Amino acid sequence: MVLLDAGTTYAKILNTDTNDRVVKRVSDLEKTFKADVGTGHNINRFAKHSVNEIIALANAGKKLIKEDSFTLLDIGSRDAKYVVFENRNFIHSDWNTECGAFTGQAIEILGNYLNVDYSKTLPQKEFITATCGLLGMGHVFDSVAAGVEPEIAAARLIKGVCISMYRFARKPKKIYLTGGLVNNQLFVKSMPCETVILDRFTLLEGVKEYALNNLSK
Amino acid sequence: MEDKDDKNYNPMQDMVLTRHGFIKGKEQSFLQNPKDKPFVGIIGIPPKEVMDELIQKSAIILSLDMYKVDQLITEPTDNILPKAYCAQIKRIIANILSVTDYWTEDVMDSVLVGRNPISEIIIEDSEICRCNEMGFVADFIENELKIKLRRVKNKDIERKGDFICKSGIPLDEKFGKIAGYFYRDMEKKKPFRPEYIKPKCAFWGTPPWGDFSIANYFPIETHVYGWTRCVENLTPGDLKLELEFDPDVPTVFFSQSFCPKAGLASYLANKHPRGIFIDMDIGLTRSTVAKLTAFLQLNNVI
């Protein structure tokens, strides 16, 4: 079975028979590509069956996280969503569907534009708050124009995004984090609470659960 | 062709709410000839004494909140209101402009020369009412459309009950029945008191003016709270009642985007043990539907 998480920017593909895992840009997916089942913003174009992103995230959390109570946060290039479980029961979820969006994408664009290597940049205490990635980029450019080093300005925006995401997820003591930003070491180090990394294929574990329970019958 | 099984079905589309109840299609033609009767538009829920006065005058009363000509409700307001503004206020202004269509005149020309047939608009402008944003654009009605404007305050405090809010009627119909209840009371008709149903979840907020089809995702066992419940009680300024919610059922705290009530909805959603805040501008987006249905599914509501 071929599973697909087709986000706004990146596609994560998992072949459950061979366990092959591929990450590529959604724009590089062949037009004829059809996964058996999947999730994500662009899924309707590329899969026979689709699963609601939050349902996939909740399924994945229940399967992958052994603790009874946890917060699982997924930060994509366009949006962020989280689920909270207590004593293995679903308690809460939220999804910043559009507003506050494009943070992940903005961080990637900014790094490329300013030529910042996030793996070599130290987390900052000061932070830039911004409603969305585009406004945040404006603040970074203003800071650089005012004399702040580009990597420091970018790191301050990242710190701001981390604080914003922490508040969005209701300030838990510990966050399980998934999504493209798990590969950004500066982002992970800038999180204001204990942060446990799950890989970018996490949502697909939830999709697999859905497929096993609903499509194989 | 839309039907009731279609999730996008919008029962309010093409419907006009008047004191005669909801009317549809050609039946609207009676509005074309108000003759010598006053033709009065109302915004919000005016107090009982004002409505009694209109009944005595045999006025034709049009609810500008509910009356809707088409789905392109923003187009006529593009040069009047900012783009980032409450969809419902845009609808009200568009409704006022479009009433002129019944006289087959060009809308803007007719309006500008003061030939809009509405003789008076009564706006409920209480300190705590459905909305203060309407108050800010009321000058436009008076000065540009040349329609007499009367601002009234609704201080009615006698709660008439919330039978519809807590009944097993589908949520989209609840909104319509609650709006209709206002007119039933006005005309001294027997109150509509459907049977109570045990709730699986709740909807808190104003009616979803931007797209009523959101109601189709809720089960019939949905109780209604917030301002909509205040309307059924005929106490739209009853903030104490508006703040109430049921902590024992998962609750969607809804507001229109750009509505001042969004602050209240967001606050209460955080306070509720199983609450979620959802806002919506014009038309449901895929993301909003996904967020809503995931919330209802994960809480075993649907």
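Predicted model: local features only at pLDDT ≥ 70, side-chain atom pairs only at ≥ 80, totals over all residues.
On the side of chain A that touches chain B, the elements that give two or more residues are helix H2 (53-64) and strand E8 (89-95) of chain A, and the largest share, six residues, comes from E8(A). By residue type, this side of chain A divides as follows.

| Type of residue | Residues on the side of chain A |
|---|---|
| Nonpolar | six residues |
| Polar | seven residues |

The contact takes 18 residues from chain A and 19 residues from chain B. About 1400 Å² is buried between chain A and chain B, and carbon and sulfur atoms give 51% of this area. Of the area that chain A buries against chain B, Ile55(A), Phe90(A) and Arg170(A) supply 31%, which is more than any other three residues.

A further residue to look at is Thr121(A), which lies in the loop between helix H3 (103-114) and helix H4 (133-145) of chain A. Thr121(A) counts as buried because its relative accessibility is 8%, where the cut-off for buried is under 20%. Its side chain reaches the backbone oxygen of Asp117(A) at 2.9 Å, and, leaving aside residues up to four places away in sequence, Thr121(A) touches Val116(A), Glu151(A), Ala155(A) and Leu186(A).

How values were computed:
Residues numbered from 1 in each chain as written. Chains lettered and ligands numbered in written order. Heavy atoms only, no water. Helix = DSSP H or I, 4+ residues; strand = E, 2+ residues; numbered from the N terminus. Buried < 20%, exposed > 50% of the residue type's maximum accessible area, 1.4 Å probe, protein only. Polar contact = N/O pair within 3.5 Å; in protein donor to acceptor, adjacent residues only side chain to side chain. Contact = heavy atoms within 4.5 Å. Buried area = accessible area lost by both parts, 1.4 Å probe. Nonpolar A, V, L, I, M, F, W, Y, C, P; charged D, E, K, R; others polar.
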